[in-house]
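Here is a short note for someone opening this structure for the first time. Please keep the view at hand while going through the points.

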Amino acid sequence: MIGTTVEATGLDAGELGAVLAEALHDSPLAEHYEPDGERRREVLELKFGAVVADWLTEPPLPAVRAWLTPCRSAAAVWTHADYRPEPVEELETARWVADQIGPFGAARYERAVALAEEREPDLPHHRLRALATVPHRRRSGLASVVLEPGLRWCDEGGTPAYLWTAGDEVLPFYRVHGFDVLWTQPVAGGLRLHGLWRDPVVDGVRIPRSRGRSPQS
């Protein structure tokens, strides 16, 4: 049903991972580091299955909050402002990617992620890690529906929202939901990464927050 969402728990990790893998199979970033479509789908299923299970089942919660539509066609995954992954986690992820897609794809993946991560603002913020709708349900309003609980969570706590994304085609969607482009970074192959920021809305008024450092565009 359009207009409703359910908050995911550890029991939903498998379904949530499957939705993200299907929905992001044709994303610009996934195509950037793994051109082979069949192989890309396998990698994403493995990646999201493992990552989402860790996020939703390992303490400390509420490091991660995620929402699904009841039809399991769209999902949004956020990390809490206090969430700070350990360096060993990042290293393990990089090694896993290298094992799955080979050194060339892994190098592209690591370079894109490193460029984005070093531009993340210093000011505490809830981070939208993934927002995705499966292909056959796109342009039906589900992305807006599944995004809304996370934005409400940000607003209720007076906390900014942040994300980074690949490609230009999603920028109008995020602008409609109050995000501004904070930085833009070209990477190999003509792809552009964008960091997006949204100040919280409290009692109907947008509250500007200092964004800490100002990454170069």
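1. Start with H194, which sits in strand β7, residues 192–198. Bear in mind that this is a predicted model. H194 has 1% relative accessibility, so it counts as buried. Its side chain makes a polar contact with the side chain of D168, at 2.5 Å. Among the other residues H194 touches are L163, W164, L171 and W183.

2. Now look at the partner strand. β6 covers residues 180–186 and pairs with β7 in the antiparallel sense, over 6 bridges. P186 stands opposite R192 of β7. The hairpin of β6 and β7 has 5 residues between the strands, and G189 there takes a positive phi near 85°.

3. Helix α1 spans residues 13–23, and its buried residues include A13, L16, G17 and L20. What covers the buried residues of α1? The cover includes α3, β2, β3 and β4.

4. The whole structure holds 10 salt bridges. One joins E15 and R72, with the closest N and O atoms 2.8 Å apart. This pair links helix α1 to the loop between β2 and β3, 57 residues apart. E15 is partly exposed at 40% relative accessibility.

5. R138 forms a salt bridge with D26, at 2.9 Å between the closest N and O atoms.

6. R127 forms a salt bridge with E117. R127 is buried, with a relative accessible area of 6%, whereas E117 is partly exposed at 29%.

Methods: Residues numbered from 1 in each chain as written. Predicted model: local features only at pLDDT ≥ 70, side-chain atom pairs only at ≥ 80, totals over all residues. Heavy atoms only, no water. Helix = DSSP H or I, 4+ residues; strand = E, 2+ residues; numbered from the N terminus. Buried < 20%, exposed > 50% of the residue type's maximum accessible area, 1.4 Å probe, protein only. Polar contact = N/O pair within 3.5 Å; in protein donor to acceptor, adjacent residues only side chain to side chain. Contact = heavy atoms within 4.5 Å. Pairing = 2+ DSSP bridges. Salt bridge = Lys/Arg side-chain N within 4 Å of Asp/Glu carboxyl O. Lists of a residue's contacts leave out its neighbours within four places in sequence.
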